[in-house]
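Colleague: I am new to this structure. Please show it, and then I will ask about it.

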Amino acid sequence: MEFGRYYEDFEIGAIYKHWPGRTITEYDNTLFALLSMNQNPLFIDEHYARTQPLGRRPVLDTLIFSLTVGMSVSDTSGKTIANLGYESIIFERPMFPGDSLYAESEVLEKRESASKPDRGIVAIETRGFNQNAERIIVLRRRFLAPQKGSA
């Protein structure tokens, strides 16, 4: 199996379903909160979280973001020279420990680099869903992909 794609392999409108999904555990959520120094009690104190509007500890948005991007790499940007940035990141609903995350990416546009003839810029939209097929996150990013024969 190839890891990532060359510039020529991307077709506008193509959708890549990323596999496998990932079930997020209490441990994942707590560890990520502590590793990322997010000390908001909503994420590390179950008793406190029960008193808040959601009534329980949600999964950190940044963990959902990280997993969603990570799921997309093997199908899209695994050969990438550089990640050029994130244009938008929208969290549409919360996830909770025990939920599973699944993702897909769609190629929005591509163009050859104006300054480097051995690479091109690819724009994708990656969408994350829970186990009920409810959309959780939508993000758009651009990356610099090598052309075949340039690696």
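Colleague: How many bridges join S1 to strand S3?

Modeller: This is a predicted model, where local features need pLDDT of at least 70, side-chain atom pairs count only at pLDDT 80 or more, and totals for chains, interfaces and linings use all residues. Residues are numbered from 1 along each chain as its sequence is written, and side-chain values use heavy atoms, without hydrogens and water. Strands are DSSP runs (E, at least two residues; helices are H or I, at least four), numbered from the N terminus, and two of them pair if DSSP finds at least two bridges between them. S1 and S3 (residues 100-112) run antiparallel, and the bridges joining them number six.

Colleague: Which residue in S3 is the bridge partner of Thr23?

Modeller: The strand S1 covers 15-23. In S3, Thr23 has as its bridge partner Ser100.

Colleague: Which strands stand at the edges of the sheet?

Modeller: The open sheet has five strands with antiparallel pairing, in the order S1-S3-S4-S5-S2. Two strands have a single partner strand each, so one side of each is left without a neighbour in the sheet. The edge strands are S1 (15-23) and S2 (82-91).

Colleague: Is Phe65 buried or exposed?

Modeller: Phe65 is placed in helix H4. Buried means under 20% relative accessible area, exposed over 50%, and partly exposed in between (1.4 Å probe, protein chains only). Phe65 has 18% relative accessibility, so Phe65 counts as buried.
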